[in-house]
Amino acid sequence: MEEHRQEFLGLCEKYLTRNGNAELLNWLKTSDFFVAPASTRYHGSHEGGLVEHSLNVYRCLLEELNNTQLKNDYTDETVALVSLFHDVCKANYYKKGTRNVRENGQWVTKDVFEIDEKFPCGHGEKSVIILQNFVQLSADEIYAIRAHMGGFDTSVKGGDYFIGKIFERSKLALLLHIADMKATYLMEV
């Protein structure tokens with residue numbers, strides 16, 4: 001976990017230069033971001049899973065930008081910011097709990113992570129709100145972070161078509177979604 005924490009902070013130190021970055025990183029260090037899971041039962045459902053996932057998305061986004069010859073269209077800061085912080089909404093979001101499960105015919109108590117949502121306003125939009133408390137985001141950065149869940153976003157299930165509209169306007173948003181899916185389903189299974 002410490003290796004991932006240092007890599008994450010090193011990338012931030014190297015690429016983040018805008019006003020408010022120091023305050024953002026100070027807040028992040030006081031949160032559980034570096035020990036939190038990425039999910040309760042799926043990808044990265046272990047301590048440190050969130051920072052590990054964020055780093056995987058960063059690497060996948062770089063790969064997608066290179067594959068599509070769009071690397072020069074975005075600054076290193078934008079690439080780092082949207083990929084490393086797309087799931088910042090999961091900081092201070094989980095708590096440890098227990099669940100009884102049946103193993104080999106016996107009931108045993110297992111440690112699990114549970115959701116403990118304190119600011120229920122969505123997923124991508126919550127990450128945007130948190131980030132905007134510290135740094136100014138461009139429209140492309142907002143689109144990318146807001147739409148990174150793609151068709152898995154709960155608003156899409158309700159019939160909202162904004163994800164497609166975002167993908168039409170922002171190649172970065174589409175590529176961040178692809179990077180998130182690659183990290184989740186190919187690297188973190």
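The following legends describe close-up views of a predicted model. Local features are given where pLDDT is at least 70, side-chain atom pairs count only at pLDDT 80 or more, and totals for chains, interfaces and linings use all residues. Residues are numbered from 1 along each chain as its sequence is written, and side-chain values use heavy atoms, with hydrogens and water left out.

**View 1. Packing of helices α8 and α9.** Helix α8 covers residues 162–169 and helix α9 covers residues 171–187; helices (H or I, at least four residues) and strands (E, at least two) are DSSP runs, numbered from the N terminus. The axes of α8 and α9 lie 5 Å apart and form an angle of about 115°. Axes are lines fitted to C-alpha atoms, for helices over the stretch in contact, and angles run from 0 to 180 degrees between N-to-C directions. The two helices, α8 and α9, are therefore roughly perpendicular, a term for angles of 65 to 115 degrees, whereas under 35 counts as roughly parallel, over 145 as roughly antiparallel and the rest as oblique. Ile-166, Phe-167 and Arg-169 of α8 meet Lys-171, Ala-173, Leu-174 and His-177 of α9, where contact means heavy atoms within 4.5 Å.

**View 2. Helix α9 and its buried residues.** The 17 residues of α9 reach 23 Å from the first C-alpha to the last, close to the 24 Å expected at 1.5 Å a residue. The expected span is 1.5 Å times one less than the number of residues. Among the buried residues of α9 are Leu-172, Leu-176, Asp-180 and Lys-182; buried means under 20% relative accessible area, exposed over 50%, and partly exposed in between (1.4 Å probe, protein chains only). The buried residues of α9 pack against α3 (49–67), α4 (76–84), α6 (139–146) and α8.

**View 3. The largest nonpolar core.** In soluble globular proteins, nonpolar side chains tend to be buried together. The largest nonpolar core here has 47 residues; such a core is a set of buried Ala, Val, Leu, Ile, Met, Phe, Trp, Tyr and Cys residues joined through side-chain atoms within 4.5 Å. Phe-8, Leu-28, Phe-33, Leu-61, Leu-84 and Phe-85 have the most contacts inside this core. Helix α3 gives the largest share, 8 residues. Leaving out residues up to four places away in sequence, Leu-84 touches Phe-8, Leu-11, Cys-12, Phe-33, Ser-54, Leu-55 and Tyr-58.

View 4. Cys-89 lies in the loop between α4 and β1 and is buried, with a relative accessible area of 3%. Not counting residues up to four places away in sequence, Cys-89 touches His-123, Lys-126, Ser-127 and Ile-130. Lys-126, Ser-127 and Ile-130 are among the buried residues of α5. The cover over the buried residues of α5 includes α2 and α6.

**View 5. Glu-47 in a loop.** Glu-47 is found between α2 and α3 and is partly exposed, at 36% relative accessible area. Beyond its neighbours within four places in sequence, Glu-47 is in contact with Met-1, Val-35, Ala-36, Lys-96 and Phe-113. Glu-47 and Phe-113 are 66 residues apart in sequence, and their C-alpha atoms are 9.2 Å apart in space.

**View 6. Two asparagines with positive phi.** Asn-92, in the loop between α4 and β1 (94–103), has a phi of about 60° although it is not a glycine. Asn-92 is partly exposed, at 35% relative accessibility. Asn-104 lies in the loop between β1 and β2 (106–115), and its phi is near 55°. Asn-104 is exposed, with a relative accessible area of 80%.
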